[in-house]
Amino acid sequence: MEATGTDEVEKIKSKFMSAWHNMKYSWVLKTKTYFSRSSPVFLLGRCYHFKTDESGELSTDGSNFDKINTEISGNVEEFRKDFISRIWLTYREEFPQIKGSALTTDCGWGCTLRTGQMLLAQGLMLHFLGRAWVWPDALDIDNSDSESWTAHTVKKLTASFEASLTAEREPKILSNHHQGTLKRNCDDSEMRNEVYHRKIISWFGDSPLAAFGLHQLIEYGKKSGKIAGDWYGPAVVAHILRKAVEEARDPELQGVTVYVAQDCTVYSSDVVDRQCPFMDSGKADTKAVIILVPVRLGGERTNMDYLEFVKGILSLEYCVGIIGGKPKQSYYFAGFQDDSLIYMDPHYCQSFVDVSIKDFPLESFHCPSPKKMSFKKMDPSCTIGFYCRTVQDFEKASEEITKMLKSSSKEKYPLFTFVKGHSRDYDFASSPLREENDLFSEDEKKRLKRFSTEEFVLL
């Protein structure tokens with residue numbers, strides 16, 4: 001009876017916390033975000049221009065779109081469609097109880113796990129869908145700000161842009177035979193993409209069976225001393241994501257691996273070993289790799305000297321974003337304009353969605369409105385992510401990022417480095433021996449405990 005009473009108290013507490021955080025963070029979808037007309041906007045390697053003859057700002061709620069010409073409005077719509085197509089993972093409530101606790105919500109503590117999920121989701125989208133993919137229904141999402149995204153003015157101004165998209169899907173100048181063939185091929189492609197779109201989201205469902213769902217991530221976090229209800233740092237989440245991908249059993253996920261940099265160093269041979277695990281057996285199969293680099297952009301505050309490097313990273317198409325935020329408040333950074341970072345905010349409590357059912361609703365997994373934050377407000381602790389499909393892609397990326405690191409570093413040492421060889425060549429070898437049920441080696445446990453305090457050696 002006493003245990004039952006305790007569970008009831010925890011459930012009531014969870015409901016209260018959900019209500020409190022929803023009220024606390026209700027501005028997440030209600031506040032307007034303004035973009036400058038004179039500066040380009042970058043989103044995960046894609047550049048958008050909103051430039052007009054007039055100076056001023058654009059609001060994401062459409063309140064001054066009627067002053068923009070059709071061409072610029074079309075570019076705004078392309079940006080919106082691209083942004084909304086990214087997968088948004090937020091606080092949820094009333095999901096199945098987390099093992100070992102009475103919690104049925106992650107409100108107030110799960111934000112870094114959610115931003116980590118968003119970064120991994122972007123990596124999987126690049127892998128299965130490609131960077132050019134956008135969700136066909138992206139512009140149909142209602143924004144709770146008002147009529148913002150679907151304002152009549154926007155629709156009117158972007159009619160030609162939408163018509164051009166329709167024309168690409170169903171060219172009227174072709175014969176009926178060619179029309180039918182092209183439409184069938186397009187339909188097949190769209191159907192395949194939609195299958196993967198839903199599948200990727202389902203891997204992040206809030207149920208114990210979802211490969212990258214909150215329940216599984218918490219289980220892996222226990223190996224580093226974390227439990228449900230704890231706050232997770234971006235470095236710890238990086239290692240949890242690596243372990244989750246490593247342990248995933250879905251055949252579709254066997255072609256992807258995750259590498260986490262050690263002490264701000266990416267060991268090239270270790271990465272290649274992860275991409276080519278069957279090299280010794282003579283098999284030609286290689287894996288795509290998501291590289292996660294936990295770094296610290298300063299001491300207690302973010303050093304503004306790192307701004308250009310962060311902007312450079314977010315300008316790369318193979319960048320999958322940054323797990324970061326403000327102190328004790330995690331955001332998923334996906335782009336920038338001038339000195340402000342563009343992000344998706346997980347601090348919005350939504351109801352549980354059962355992703356195991358056919359045609360589950362997708363709307364709550366896509367954010368209708370981007371948010372901006374000044375770089376100087378960013379917490380210095382973060383994890384940067386990249387995706388490389390092949391070994392050649394990794395080699396090209398390492399060269400490109402190394403040049404960027406050298407050009408942006410005013411100090412003797414860059415923020416992180418790419419080093420040839422294996423970590424074991426530098427006395428950082430992880431023990432090959434591990435217990436059957438132990439997902440982290442002793443070396444990894446020590447590193448995770450150090451990361452959990454968010455302490456870094458500043459070079």
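How many helices and strands does the secondary structure of the protein come to?

## Overview

The secondary structure comes to twelve helices and 15 strands. Helices (H or I, at least four residues) and strands (E, at least two) are DSSP runs, numbered from the N terminus. This is a predicted model, in which local features need pLDDT of at least 70 and side-chain atom pairs count only at pLDDT 80 or more, while totals for chains, interfaces and linings use all residues. Residues are numbered from 1 along each chain as its sequence is written, and side-chain values use heavy atoms, with hydrogens and water left out.

Of the 459 residues of the protein, 53% count as buried. Buried means under 20% relative accessible area, exposed means over 50%, and partly exposed lies in between (1.4 Å probe, protein chains only). Among the contacts in the protein with a separation of 6 or more, 75% come from residues 24 or more positions apart. A contact here means heavy atoms within 4.5 Å.

## Salt bridges

The whole structure holds 15 salt bridges. A salt bridge is a side-chain nitrogen of Lys or Arg within 4 Å of a carboxyl oxygen of Asp or Glu. One of them joins Arg131 to Asp82, with the closest N and O atoms 2.9 Å apart. This pair links distant parts of the chain: Arg131 lies in the loop between helix H3 (111–128) and helix H4 (152–157), Asp82 lies in helix H2 (residues 70–85), and the two are 49 residues apart. Arg131 counts as buried because its relative accessibility is 7%, and Asp82 counts as buried at 2%.

Another salt bridge joins the side chains of Arg198 and Glu194, at 3.8 Å from N to O. Arg198 and Glu194 are four residues apart in helix H6 (residues 176–203), so about one helical turn separates them. Glu194 is partly exposed, with a relative accessible area of 22%.

Lys199 and Glu252 also meet through their side chains in a salt bridge (3.4 Å, N to O). Here, too, distant parts of the chain are linked: Lys199 is in helix H6, Glu252 is in the loop between helix H8 (234–247) and strand S6 (256–260), and they are 53 residues apart. Lys199 is partly exposed at 26% relative accessible area, and Glu252 is partly exposed at 27% relative accessibility. Elsewhere, Arg242, Lys243, Glu246 and Arg274 are linked in a network of salt bridges.

## A residue in the loop between H3 and H4

Ala138 is placed in the loop between H3 and H4. Is Ala138 buried or exposed? With a relative accessibility of 0%, Ala138 counts as buried. Not counting residues up to four places away in sequence, Ala138 touches Lys81, Ile84 and Ser85. Ala138 and Phe83 are 55 residues apart in sequence, and their C-alpha atoms are 8.7 Å apart in space.

## Helices H3 and H7

Two packed helices are described by the angle between their axes and the distance between the axes. H3 and helix H7 (residues 214–222) pack at an angle of about 110°, and their axes are 11 Å apart. Axes are lines fitted to C-alpha atoms, for helices over the stretch in contact, and angles run from 0 to 180 degrees between N-to-C directions. H3 and H7 are therefore roughly perpendicular to each other. Angles under 35 degrees count as roughly parallel, over 145 as roughly antiparallel, 65 to 115 as roughly perpendicular and the rest as oblique.

Leu113, Arg114 and Gln117 in H3 meet Leu214, Leu217 and Ile218 in H7. By class, this contact has four nonpolar residues, one polar and one charged. Ala, Val, Leu, Ile, Met, Phe, Trp, Tyr, Cys and Pro count as nonpolar, Asp, Glu, Lys and Arg as charged, and the others, Gly among them, as polar.

## Helix H10 and its cover

Helix H10 (residues 307–314) is mostly covered, with seven of its eight residues buried. The buried residues are Leu307, Phe309, Val310, Lys311, Gly312, Ile313 and Leu314. Their cover includes strand S9 (319–326), strand S10 (329–337), strand S11 (340–344), strand S14 (381–388) and helix H11 (391–408).

H10 and H11 pack at an angle of about 160°, with axes 9 Å apart. This angle makes H10 roughly antiparallel to H11. Phe309, Gly312 and Ile313 in H10 meet Ile401, Met404, Leu405 and Ser408 in H11. The contact of H10 with H11 has five nonpolar residues, two polar and no charged ones.
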